Amino acid sequence: MPKAKLPRKSTHIDMTAMCDVAFLLLTFFMLATKFKPDEPVVVKTPSSISEIILPDVDIMLLTVDPKGRIFFSIDNKLKRKELIDEVNTNRNLGLTDQEKTAFALGSSIGVPFGQLKQYLAAAPDEQKAFDASAPGVPVDTSVLSVNNELAEWVKSARLQNPKLRICIKADGDASYPNVQKIIKTLEGYKIFKFNLITNLKAVPEGTAAYAEKHKA
Amino acid sequence: MAEMDTSSSGGHKKGPGVKKGKKLSTRIDLTPMVDLGFLLITFFMFTTTLAKPKTMEINMPYKDEKLKEEEKNKIKNSVALTVLLSKNHRIYYYEGIGDDPNKAPDLQITYFTPAKGIRDVIIKKKKMVDDMKRLGQLTAKDETTVLIKPDTTSTYSDLVNILDEMNINDIRVYAIIDISDIEQGFIKETEAASGQ
């Protein structure tokens, strides 16, 4: 009896469909992506149940790292340029146009005014190394204190853009007195409302907030 | 799809003398392209920030040096709960605002644990205030008030955690206040008494 011949099938798989899927996903991620802004320090924020989403514009970000160093930044390159002009005049820093551009394009500032010129003159990768050992923006409990340079930054930034929303992004391990100094500085300018950046965590069951959320 | 039928089946038949041209497949191996595609996807997935950061809004009590003593809001002792944040995420709390100079408040220790922690203390306090309202000892305007006093040894995460508890337990009136020397003394005494 002759054996039934099985037709030999090719082991080739048509990759076209898979290729289509891959590039579809790729397109999605490329369009949906927004690169993480350059952060001077790694900060692990504590969690809260708050679901308010941080807006994209008009943000003043005060980053506090575990050691309590403060980094200051605002969004919008044009506003940054105006800000550095203002601060330059107020504090007689003698910055060149190039250094001002470096500020406008850069990210956070974590150096005292005394070191600002040197910091801005450095190349971007040198600035990163600088950030690692930077002392942070000096701050004090009173806005009137000469050492309170954060107060100068906050005041100038708010002059440029009164709509600025102030956000504090502090590491969970930062000690309270460091955060307290920032709060005191803001209070000195009669800013009593600000935002704390947190991670999202689930609402614990059996609490008032849980009942509110699951109210039919 | 990506292949074309180049075999001459069903077409006109060539004569026996006609030489067949070598058939070249137009099929392209797409595997490397798929590899590349997925590599890029992986890259974008890792660098992307799909989840936007969340924020917690906080209102500090209005402060003004010019504010006169009698214009300030006074809180009743019965609705107040004072919470002192201390080192190692420890919480000391006592009922009332602790303004009686003759009687030191009775400090209790608790932690941010989900069970039998500060949450239960707050819930208990809230229930107590509600009961007092029902009995007519307090007016409807009175609300449970939590005074948060972080000690210098506490961390920022303690502050956020306690503010979060306020949201979780629906405490509408709370304030962050500077800790006084007397209260720091209380903490030290309690620490010494419990041998820590």
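Select A:Ile168 to begin: its bridge partner in strand β6 of chain A is A:Leu196. Strands here are DSSP runs labelled E of at least two residues, and helices are DSSP runs labelled H or I of at least four residues, both numbered from the N terminus. The model is predicted: local features need pLDDT of at least 70, side-chain atom pairs count only at pLDDT 80 or more, and totals for chains, interfaces and linings use all residues. Residues are numbered from 1 along each chain as its sequence is written, while chains are lettered from A and ligands numbered from 1 in the order in which they are written.

**The strands of chain A**

Select residues 165–170 of chain A, which form strand β5; this strand and β6(A) pair in the parallel sense over 2 bridges. Two strands are said to pair if DSSP finds at least two bridges between them. Next, select β1(A), residues 47–48, and β6(A), residues 193–200; these also pair in the parallel sense, over 2 bridges. Within this pairing, A:Ser48 stands opposite A:Leu200.

Return to A:Ile168. Which residues is A:Ile168 in contact with, leaving aside its neighbours within four places in sequence? They are A:Leu62, A:Val64, A:Val179, A:Ile182, A:Phe194, A:Leu196 and A:Ile197. A contact requires that the C-beta atoms of two residues, placed from the backbone, lie within 7 Å.

Now display the largest nonpolar core, which has 64 residues. A nonpolar core is a set of buried Ala, Val, Leu, Ile, Met, Phe, Trp, Tyr and Cys residues joined through C-beta atoms within 7 Å. A residue is buried if 20 or more other C-beta atoms, placed from the backbone, lie within 10 Å of its own, exposed if 12 or fewer, and partly exposed in between. The residues with the most contacts inside this core are A:Ile70, A:Leu150, A:Ile168, A:Val179 and B:Val83. A second, separate core of 5 residues includes A:Cys19, A:Ala22, B:Leu30 and B:Ile41.

**Helix α7 of chain A**

Select residues 176–188 of chain A. This is helix α7, with 13 residues; from first C-alpha to last it reaches 18 Å, close to the 18 Å expected at 1.5 Å a residue. The expected span is 1.5 Å times one less than the number of residues. Among the buried residues of α7(A) are A:Tyr176, A:Val179, A:Ile182 and A:Leu186. Just after the helix, A:Lys190 takes a positive phi of about 60 degrees.

**Where the chains meet**

Show both chains together. The contact takes 51 residues from chain A and 42 from chain B. On the side of chain B that touches chain A, α1(B) gives the most, with 10 residues. Select β2(A), residues 52–53: 2 bridges join this strand to β1(B), and the two run antiparallel. In β1(B), B:Lys54 is the bridge partner of A:Ile53.

Then select B:Val160, in helix α3 of chain B. Is B:Val160 buried or exposed? B:Val160 is buried, because 24 other C-beta atoms lie within 10 Å. Not counting residues up to four places away in sequence, B:Val160 touches A:Pro46, A:Ser48, A:Leu196 and A:Thr198.

**Chain A as a whole**

Finally, zoom out to chain A, whose secondary structure comes to 8 helices and 6 strands. Along its principal axes, the C-alpha trace of chain A spans about 105 × 55 × 30 Å. Of the 216 residues of chain A, 33% count as buried.
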